[in-house]
Amino acid sequence: MASSLMGCQLPLSLQKILRLSATGCRFSSKAAPKTQVEFEYDGPSMKTTVPGPRSQELTKQLGGIQNVAAVNFFCNYEESRGNYLVDVDGNRMLDVYTQISSIPIGYNHPALHKVITNPSNMSAFVNRPALGILPPESFPDKLTESLLSVAPSGMSRVQTMACGSCSNENAYKAIFIWYRNKERGHNLPSEQELSSCMINKGPGCPELSILSFMGGFHGRTMGCLATTHSKSIHKLDVPTFDWPIAHFPKLQYPLEQFTRENAAEEARCLEEVEDLMVKWRQKGKPVAGIVVEPIQAEGGDNHASADFFRSLRNIARKHGSAFLVDEVQTGGGATGKFWAHEHWGLDDPGDIVSFSKKLLTGGFFHKFEFQADQPYRIFNTWMGDPTKNLFLCEVLDVIRRENLLDEVTRSGKTLLNGLCELQTQFPGVLSRARGQGTFCAIDVCDETTRNKILIAARNKGILLGGCGDRSIRFRPSLVFKEYHVHLFLNIFNDVMTQFK
């Protein structure tokens, strides 16, 4: 069981740092040449509890227009900088959640401002084309410069989309199209198939399935929702498909103390996957594809070993099923590698890899054989947004120029060590610290206490997020450095003393 980055290894004492000025700003830059000068605040500064009066007023106003039950507070994005999010009441918070893991290089990065102010980019922002039928002249070059430059191993084709849900939704469609073309030997569909699909009947609408895992989250659209199993509120009252669901390993921590138990747990889950593949074929609903997250994020930051994923990949290949790696939340560098599946050490990690969030646009990479065989089969009006590729080019340049993946590895080690020390100090409250890079989490004794900790941290100037039943997840930007980690740990330690 590989454990070097998933659990606590060498806990360090919390390194107390001097509290920085609550009101000042500073300029900071790395020593490396050509590093972008980054404007950032010195630390959190809190003027009210959150949400403050102005946020409450705006929530009431928006509540007259739409559902606001999920709204936390309103933001002043113009004043937000780097790792700090400012709200409309003037509260400045160290953001360790970053819009649900979707801000790659912090707020208002100068490199991204340059994209906006570059006159040659003006047309891309003024005119949003229907990319599937009328793409702009620069589109192939920009895709090559941005997305294809970080393509997963074995994949040279990419289909852009707008968000994570539509990325997975269309990836599922690509899998079904590929599977049926294999079954019919790439012959043209029959007249019966063409007519029956129009009334939602077979053989045109075949009885195929996607295998997913308990705790997984792949989106909220109809097909994706059938493979989402993290919270009942996502699925309640919505019709769905009868598709197979396997258990994802529940590892015990610290990993090095439970090597045998965790190996047995992973073997049990893999055996269940094999059984489900056979059973669903016998039911007449063969598994066309398996979808899995490298780390189950929304479901509670659930990890598995590289050996587990390598075996799962082999099971898909053995049964002639596609293997879809959902990197919507894990992709983009937060684990210390650009793609979390790179930690598996496979030359052929998957058939399709979906993405969004930190990559600013959505979409999926795929092998050539998963290319739709006819126009309009994988299609919508926008098919993404070319302006996001302009931004992504700059983001990737910053990542490379400033060696941010190395920065993430260093910061992540410090963060995980600090979380391990905190769970030692607060054993009745915190447990199971785990992570790869800065993609970390820790469990709280119960959901009520977890939610209280999130609110208390927010009012101290630390913005965090929850996941699963009782976990806190940490999702900082890639420019979250070691001194930000120490600042966070110092404040979070003070927060935790209220719950000792």
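Reader: Quick one: is T117 buried or exposed?
Author: T117 counts as exposed, because its relative accessibility is 58% (buried is under 20%, exposed over 50%, partly exposed in between, with a 1.4 Å probe and protein chains only). This is a predicted model, where local features need pLDDT of at least 70, side-chain atom pairs count only at pLDDT 80 or more, and totals for chains, interfaces and linings use all residues. Residues are numbered from 1 along each chain as its sequence is written, and side-chain values use heavy atoms, leaving out hydrogens and water.

Reader: OK, and where does T117 lie?
Author: In helix 3, residues 110-117 (helices are DSSP runs of H or I with at least four residues, strands are E runs of at least two, numbered from the N terminus).

Reader: Switching topic: which strands form the open sheet?
Author: Three strands in the order 3-4-14, with mixed pairing; two strands pair if DSSP finds at least two bridges between them.

Reader: How many bridges join strand 3 and strand 4?
Author: Three, in the antiparallel sense, with strand 4 covering residues 92-95. L85 has M93 of strand 4 as its bridge partner.

Reader: And what packs on that sheet?
Author: Helix 15 (residues 482-496), which touches strand 3, strand 4 and strand 14; contact means heavy atoms within 4.5 Å.

Note on methods. Axes fitted to C-alpha atoms, helices over the stretch in contact; angles between N-to-C directions.
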